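User: I'm learning to read protein structures, and I'd like to understand where the labels come from. Could you walk me through some of them?

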Amino acid sequence: MDSLTLDKVYHAAYVLKSVARKTDLIHAAGLCPDCDLYLKTENLQVTGSFKVRGAYYKISQLTEEEKSKGVIASSAGNHAQGVALAAKENGIPCVICMPDGAPISKVEATKAYGAKVCLVKGAYDDAYDYACELQEKEGYTFIHPFNDPEVIAGQGTIGLEILDQLSDVEVVLVPVGGGGLISGVAYAIKKLHPECKVYGVQAAGSASMEQSLKQHEPITLDTAATFADGIAVKHPGDLTFELVSKYVDGVVTVTDDETACAILALMEKQKLVTEGAGAVAVAAAMFGKVDIRGKKTVCLLSGGNIDVNILSRVISRGLTIAGRNSTLTLQLEDKPGQLTDVSEIISRNGGNVVRVHYNQADPNLAITSCYLTLSIETRDGEQVEKIKKDLAASGFQLVSHT
């Protein structure tokens, strides 16, 4: 911890001036009506995430001997692109070990920056172990994605920018994987504006830092189960654990469904595309994981590199969770006019039927009955409940609702 200083964070900001953008801080009034919410748009950063800050600063501080050996890193995708870009700019050979489940878009983007990519079976931590083996065998210089003071200092430049853009900020919500981002941001903010609260947000299926804080030591999860691949880390860094313990006010978790809702809300209301890891801070704000009522709050959107195939699934899930898409199955008497009556009730309530499936062959049904399954578009969950209530009042039997 002693090797991380505020001077080093300021030096990183100076080094990064010609490389990293000072990303906009956008007012987002519609996302959380109870607070004064702002978005720090690192999803619009060079390479599509904040990672270029720490990676570039770290590589800029290497000795000529370390550079001559070439660099190696492990990453789920965003750190990979930051290291690859920094290595290319400095004319250094680069090898990146990535988990085989990393989004194709991130793998291809990393290759496009000139890096050699090794896909490793498993999660980030498995890719890290393999990168350590290669580093030992080939003598590369290792660029750690989070457990390094220079990398943390680079990420801390975001904290300086937030304070410059909103000097009276009261709460900052930051995504957490291994802890490098929140360590740097919290360190910078607490040194300069100690009254500001800083909270970390993790995916519930990959909450290694949250669990480590509860047990007062870094722990290793058996699995890291979340579509937010950028924060799917089984074991936090030792250095980042110490910094988070000292400078962070708490770490909360959000589910993948809550994150999907946040991604959808950011797209619809702010016209911003984020990946899973990039949206968890907004999910925490939207679903009340931290008390931010009446406070000037910044949510850090850490990245926007989401695979388009995942994005389509996330949108579908988000629409379902928000009550915008629903599927109703009714058991009906198989006679003329039933579908017309059901459709009239849905239409009267402002719903839109987009798909109809009729089943009279189910062996559990009476000979004269059928199942009618309707996919409908609605405004929200409240509208769905009104439709269900009116259907029941008209004598229709609801079998299931998803």
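**Reading the labels**

Analyst: Thr 378 counts as buried, with a relative accessibility of 8%. This is a predicted model, and Thr 378 sits in the loop between β13 (369-377) and α15 (381-393).

User: Why is Thr 378 called buried?

Analyst: The cut-off for buried is under 20% relative accessible area. Thr 378 has 8%, so it counts as buried. Leaving aside neighbours within four places in sequence, Thr 378 is in contact with Gly 323, Arg 324, Asn 325, Ser 326, Gly 351, Gln 383, Val 384 and Ile 387. Its C-alpha atom is separated by 9.4 Å from that of Ile 346, which is 32 residues apart along the chain.

User: What makes His 216 exposed rather than buried?

Analyst: Exposed means over 50% relative accessible area. His 216 has 68%, so it is exposed. This residue lies in the loop between α9 (208-215) and α10 (238-247). His 216 also has a positive phi of about 60 degrees, although it is not a glycine.

User: How do you know whether Gln 81 is buried or exposed?

Analyst: Use the cut-off again: Gln 81 has 3% relative accessibility, under the 20% limit, so it counts as buried. Gln 81 is part of helix α4. Beyond its neighbours within four places in sequence, Gln 81 is in contact with Thr 47, Lys 106, Ala 109, Thr 110, Tyr 113 and Asn 305.

User: How are the directions of α4 and α5 described, and why?

Analyst: The axes of α4 (residues 78-89) and α5 (residues 104-112) cross at roughly 10 degrees and come within 8 Å. Angles under 35 degrees count as roughly parallel, so that is the label for α4 and α5. On the α4 side the contact has Asn 78, Ala 80, Gln 81, Ala 84 and Lys 88, while α5 brings Lys 106, Ala 109, Thr 110 and Ala 112. The residues of this contact divide into 4 nonpolar, 3 polar and 2 charged.

User: How many aromatic pairs are there, and what kind of pair do Tyr 124 and Phe 146 form?

Analyst: A search of the whole structure finds 4 aromatic pairs. The ring centres of Tyr 124 and Phe 146 are 6.1 Å apart, with 50 degrees between the planes, and the pair is tilted. To pair, centres must lie within 6.5 Å; planes under 30 degrees apart would be stacked and those over 60 edge-to-face, so an angle between these cut-offs is called tilted. Tyr 124 lies in helix α6 (residues 124-138) and Phe 146 in the loop between β6 (141-142) and α7 (149-165), so the pair ties together parts that are 22 residues apart in sequence. Tyr 124 and Phe 146 are both buried.

User: Why is the pair of Tyr 128 and Phe 142 called edge-to-face?

Analyst: Their ring centres are 5.6 Å apart and their planes meet at 85 degrees, which is over 60, so the pair is edge-to-face. Phe 142 has a relative accessible area of 18%, under 20%, so it is buried. Tyr 128 has 26%, which falls between the 20% and 50% cut-offs, so it counts as partly exposed. Tyr 124, Tyr 128, Phe 142 and Phe 146 form one aromatic cluster.

User: What makes helix α12 largely enclosed?

Analyst: Of the 11 residues of α12 (residues 276-286), 10 are buried, so the helix is largely enclosed by the rest of the structure. Among the buried ones are Gly 276, Val 280 and Ala 285. The cover over them includes β2, β7 (171-175), β8 (197-203), β9 (250-254), α11 (256-270) and β10 (296-301). Just after α12, Gly 288 takes a positive phi of about 65 degrees.

Definitions and conventions: Residues numbered from 1 in each chain as written. Predicted model: local features only at pLDDT ≥ 70, side-chain atom pairs only at ≥ 80, totals over all residues. Heavy atoms only, no water. Phe/Tyr/Trp six-rings, centres within 6.5 Å; stacked < 30°, edge-to-face > 60°. Helix = DSSP H or I, 4+ residues; strand = E, 2+ residues; numbered from the N terminus. Buried < 20%, exposed > 50% of the residue type's maximum accessible area, 1.4 Å probe, protein only. Axes fitted to C-alpha atoms, helices over the stretch in contact; angles between N-to-C directions. Parallel < 35°, antiparallel > 145°, perpendicular 65-115°, else oblique. Contact = heavy atoms within 4.5 Å. Nonpolar A, V, L, I, M, F, W, Y, C, P; charged D, E, K, R; others polar.
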